[in-house]
Amino acid sequence: MTWALLVVDGQHAAISQPVLGRIQQLERAFRQTGERVYQVESVAVDQLAPLSPASGTLYRCGTDAFSGSGLQRHLQDAGISCLVICGSGSDSAIDASVRSALYRGFDVIVAGDAHQAYPRGSLSAQAIAEHHNQLLAELVIPGRVLEVLPSDEIIDIVRDEPALAQAVGW
C-alpha cells in the first residue's frame, strides 16, 4: 500500500486557523516521512493549468478533486492506493472527492478534524463538517476501506507506525 495526502482547496482564505493548522501538520508529517502530498485547487474551466505545474498544485474545474485535474493519472503513476483527504468544503469538494476516490478504486482516510464547511442558513460550519464525518463513516463501498480519523491519529500512524497502515490494509 502506498498512500498520499490530498489537500482539497487548502489555500482557501476562509479556512479557520485551527483547521489550517491541522492541515499543515498533516502536510509536514507526510513530507517528513517521504510520503506524497497533492494539492488540488478550484479554478474556472478556461483557466486550467498544465497537469504538472511547477508549484506542485493541480487544478480542478468541477466539485471533486479528480474533475479535470489529472489527479487520477498522477496517483496511478505513483502507485498510490490510499488517500488521506483534508481541506475545504466538507459538504461539497471534500464529500465529492472522497466518494470519487472510492469509486475510482482508492481507499480513503478522511482527516475528520482537518476539513471545513461554510455555514449555510441555520447550520454552523462545525455542524456541517461533523455531519459529513458521520455520513462518510457510514458509507460502504464493497472492497474499499473508508475511515474517518482525527489528524493526530493519522500523524501518529504516519510517523510512528508505518507498518500499521499495511497491516490494516490502508
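Q: So what does the accessible surface of the chain come to?
A: About 8,000 Å², with 49% of that belonging to carbon and sulfur atoms. The areas come from the Shrake-Rupley method with a 1.4 Å probe, and for residues only the protein chains shown count as cover.

Q: Before I read too much into this, where do the coordinates come from?
A: This is a predicted model, where local features need pLDDT of at least 70, side-chain atom pairs count only at pLDDT 80 or more, and totals for chains, interfaces and linings use all residues. Residues are numbered from 1 along each chain as its sequence is written, and side-chain values use heavy atoms, with hydrogens and water left out.

Q: OK. How many helices and strands are in the chain?
A: Six helices and six strands, running β-α-β-β-α-β-α-β-α-β-α-α from the N terminus. Those are DSSP runs numbered from the N terminus: H or I of at least four residues for helices, E of at least two for strands.

Q: And how much of the chain is buried?
A: Buried residues are 46% of the 170, where buried means under 20% relative accessible area with a 1.4 Å probe, protein chains only.

Q: Let's zoom in on H3. What do its buried residues pack against?
A: Strands S1 (3-8), S3 (57-60), S4 (82-88), S5 and S6 (146-149), plus helix H4 (125-137). Among those buried residues are Ala-93, Ile-94, Val-98 and Leu-102.

Q: What comes just after H3?
A: Gly-105, which takes a positive phi of about 100°.

Q: Val-110 next. Where is it found?
A: In strand S5, residues 107-116. Val-110 counts as buried because its relative accessibility is 0%.

Q: Which residues is Val-110 in contact with, leaving aside neighbours within four places in sequence?
A: The list includes Ile-85, Val-98, Leu-136, Leu-146, Val-148 and Ile-154, along with His-115, Asn-133 and Glu-147. Contact means heavy atoms within 4.5 Å.

Q: Switching topic: how do H1 and H5 sit, parallel or antiparallel?
A: Their axes come within 9 Å and cross at roughly 10°, so H1 and H5 are roughly parallel, the term for angles under 35 degrees. Axes here are lines fitted to C-alpha atoms, for helices over the stretch in contact, with angles from 0 to 180 degrees between N-to-C directions.

Q: Which residues meet there?
A: From H1 (residues 17-32), they include Leu-26, Ala-29 and Phe-30, and from H5 they include Ile-154, Ile-155 and Val-158.

Conventions: Buried means under 20% relative accessible area, exposed over 50%, partly exposed in between (1.4 Å probe, protein chains only). Angles under 35 degrees count as roughly parallel, over 145 as roughly antiparallel, 65 to 115 as roughly perpendicular and the rest as oblique.
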